[in-house]
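I opened my notebook to look up a few things in a protein model, going from single residues to the whole chain. My entries follow in the order in which I made them.

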Amino acid sequence: METRERQFRIRRASLADLPRMMAMYERAKAFMRSYGNRDQWTGGYPSEELIAAEIEAGHSFVCEDEAGEPVGTFCYIEGVDPTYLKIYEGDWIDDAPYAVIHRLASSGTCKGVGAACFEWAIARYGNIRVDTHRDNLPMHALLAKLGFRRCGIIYLLNGDERIAYQLHR
């Protein structure tokens, strides 16, 4: 059987996308829980207010399939992330300008969405930093597959620990 590689399109999110994006975040929470990650994205996180603010700021993106249906969403920001100023038990690859990806989620309706979102960011800005929860094993596997290097530990503003990765091409 021949498999055909999917084509995805990334675009800025609009407020009209918000309901579908929130559904993707809810689906992602259930997916994480099914893989033993019970402590990431709890307490109503991410909130609709946070995602709406990211949309207004131009940081939220939607990944669409070939039919134009939203199948993924993520936050992409070029510039310094305050939680990345201090790294523990390791070091960043370099101190060059970078972009970050946060809150990647998919609809679960097709494969390759996460990789497509990261590849879009890498093509746009070759130095990418990202962090994830220790128990988010599918994300750790995706980052390793894409060539990201595990750099150390960072702490979010609320004190939660995250594993930090970087890819610089």
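This is a predicted model: local features need pLDDT of at least 70, side-chain atom pairs count only at pLDDT 80 or more; totals for chains, interfaces and linings use all residues.

**Entry on a tryptophan.** I next asked where Trp41 is found, and I wrote down that its place, too, is the loop between α1 and α2. When I looked up its backbone, I noted that Trp41 has a positive phi of about 60° although it is not a glycine. Is Trp41 buried or exposed? I reasoned that residues under 20% relative accessible area count as buried, and because Trp41 has a relative accessibility of 9%, it counts as buried.

**Entry on a glutamate.** I then moved to Glu89, which lies in the loop between β3, residues 70-78, and β4, residues 99-106. Here I noted a positive phi of about 55°, again in a residue that is not a glycine. I looked up the cover of this residue as well, and since exposed means over 50% relative accessible area, Glu89 is exposed with its 72%.

**Entry on the order of elements.** How many helices and strands are there in the protein chain? I wrote down 4 helices and 7 strands, and reading along the sequence I followed them in the pattern β-α-α-β-β-β-α-β-α-β-β.

**Entry on overall shape.** I looked up the radius of gyration of the protein chain, which is 15 Å, and because a compact globule of 169 residues would have a value near 15 Å, the two agree. I also noted the box that the C-alpha atoms fill, roughly 45 × 40 × 35 Å along the principal axes.

**Entry on contacts and burial.** Of the 169 residues, I noted that 49% count as buried. I then considered contacts between residues at least 6 apart in sequence, and recorded that 69% of these join residues at least 24 apart.

**Entry on surface and charge.** I wrote down that the protein chain exposes about 9000 Å², and that carbon and sulfur atoms supply 51% of this area. Last, I looked up the charges, of which 21 are positive and 24 negative, and I noted that their mean positions are 3 Å apart.

Terms used: Residues are numbered from 1 along each chain as its sequence is written. Side-chain values use heavy atoms; hydrogens and water are left out. Helices (H or I, at least four residues) and strands (E, at least two) are DSSP runs, numbered from the N terminus. The radius of gyration is taken over C-alpha atoms; the globule rule is 2.2 Å times the number of residues to the power 0.38. Buried means under 20% relative accessible area, exposed over 50%, partly exposed in between (1.4 Å probe, protein chains only). Contact means heavy atoms within 4.5 Å. Accessible areas come from the Shrake-Rupley method with a 1.4 Å probe; for residues, only the protein chains shown count as cover. Lys and Arg count as positive and Asp and Glu as negative; His and the chain ends are not counted. The place of a charge is taken as NZ of Lys, CZ of Arg, CG of Asp or CD of Glu.
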